[in-house]
Amino acid sequence: MLVMLKACLILVLNLLFCSALAAVEDYPVGDKPFRRYVADGRDGKRITFYLSTQPARSHPVPLIVWVQGTGCSSQFVSDGERMSGGLQGVLYSVARGRARILAVEKPGVEFLDYPPDDGDARTCRPEFLAEFTLDRWAATIADAIQAAQKLPGVDASKTLVIGVSEGGIVAMRVSNVSPAVTHAASLSGGGPVYLFHLAEFMRSKGLDAEKEVYACWSDILKDPDSPTKFCWGQTYRQWSSFMKTSVIAEALRSRALLYFAHGTADTQQSIAGFDVLRAELAAEQREAVFERIEGADHALDLPNQKVPEGLEAVFGRVVGWFLGDVAK
């Protein structure tokens with residue numbers, strides 16, 4: 001009875017959340033086991049997403065939604081005649097057909113975009129600079145989930161959103177704007193508001209956080225919607241949107257089952273942020289899986305591992321948790 005009530009609740013929430021999305025168009029993605037889909041989102045703007053193809057199965061399987069970190073590169077890039085994909089390909093290998101992998105292009109990013117430096121948004125398309133905010137990015141992913149769940153072979157009863165680094169806070173936000181999301185994972189995503197992580201990073205480099213972080217933040221507040229002014233490699237518009245919340249705040253709001261992983265040797269987002277996250281959630285009696293990986297770096301690799309061995313191992317544990325292959 002409880003299972004039936006939960007299923008009915010999810011259906012009602014989805015009906016309330018949904019507005020009609022236009023029928024999707026789909027295209028091959030080179031020799032990769034993904035199809036590219038294009039549709040109009042709820043705001044009428046185009047969204048592009050990629051859904052893994054599925055070997056013949058007798059029943060539908062759930063979605064695992066991949067959220068990448070900082071930058072404006074496409075989920076797929078080409079080098080001459082070769083095409084390569086991002087970490088959605090690693091997730092595809094880990095899932096082994098037990099789930100469909102969904103990857104979404106950020107607003108303003110076109111198929112095969114590959115700027116020279118993902119850490120410097122000044123190399124990105126003007127459309128990305130104007131459109132990329134936390135709210136818009138989360139809504140785009142939510143629309144892609146809605147569209148993908150209407151496709152054949154997708155089990156809409158549960159959905160995992162998993163993000164790394166910047167994608168961690170996005171995954172938590174998506175769990176709050178898409179009623180379809182039942183599980184969410186933040187990997188190397190920190191905990192407190194980004195100002196904390198930026199200040200910790202600057203201090204670790206021997207720099208003055210007051211000058212390098214808080215002075216720049218004061219400038220952002222004077223023109224928070226600017227897509228042409230930059231701090232720390234990204235636009236004022238992007239930073240002002242992300243600073244309105246944190247992984248902690250989104251996690252405390254979320255009704256999804258939650259998973260967090262962070263390495264103690266992470267030099268980009270200090271392990272201190274993860275420890276604050278765990279303490280804050282514990283104080284609020286918010287249950288979650290917490291994986292504190294001794295010696296792992298920002299990519300979750302241990303000293304004897306090469307990219308993406310560490311992340312692939314964590315993917316395996318998160319996917320197992322989501323699919324019920326391991327004890328919660």
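Begin by selecting Cys72 and Cys124, both of which are buried, a term that here stands for under 20% relative accessible area, with exposed meaning over 50% and partly exposed in between (1.4 Å probe, protein chains only). The model you are viewing is predicted, so local features need pLDDT of at least 70 and side-chain atom pairs count only at pLDDT 80 or more, while totals for chains, interfaces and linings use all residues. Residues are numbered from 1 along each chain as its sequence is written, and side-chain values use heavy atoms, with hydrogens and water left out.

Stay with this pair: a disulfide (cysteine sulfur atoms within 2.5 Å) joins Cys72 to Cys124, with an S to S distance of 2.0 Å. Cys72 sits in the loop between strand E4 (61-67) and strand E5 (76-79), and Cys124 in the loop between strand E7 (100-104) and helix H3 (126-131), so the bond ties together parts that are 52 residues apart in sequence; helices (H or I, at least four residues) and strands (E, at least two) are DSSP runs, numbered from the N terminus. The link of Cys72 and Cys124 is left-handed, with -90° about the S-S bond.

Next select Cys216 and Cys231, which form a disulfide with their sulfur atoms 1.3 Å apart. Cys216 belongs to helix H7 (residues 209-222) and Cys231 to strand E10 (residues 230-231), so this pair ties together parts that are 15 residues apart in sequence. Both Cys216 and Cys231 are buried. The structure holds two disulfides, and, counting bonded cysteines along the chain, their pattern is 1-2, 3-4.

Now move to the largest nonpolar core, a set of 60 residues in which Phe49, Leu102, Ile141, Ile145, Val170 and Phe260 touch the most other members. Such a core consists of buried Ala, Val, Leu, Ile, Met, Phe, Trp, Tyr and Cys residues joined through side-chain atoms within 4.5 Å. Helix H4 (residues 134-148) gives the most to this core, with eight residues. Apart from this core lies another, of 32 residues, including Phe76, Leu160, Val164 and Tyr259.

Select Leu102 and display its contacts (heavy atoms within 4.5 Å): leaving aside residues up to four places away in sequence, Leu102 touches, among others, Phe49, Trp66 and Ile145.

Finish at Ser52 in strand E3 (residues 46-52), which is buried, with a relative accessible area of 1%. A polar atom of the Ser52 side chain lies 2.8 Å from the backbone nitrogen of Ile101. Not counting residues up to four places away in sequence, the residues that Ser52 touches include Pro33, Phe34, Tyr92 and Arg100.

Conventions
A polar contact is a pair of N or O atoms within 3.5 Å; within protein, one must be able to donate a hydrogen and the other to accept it, and residues adjacent in sequence count only if both atoms are side-chain atoms.
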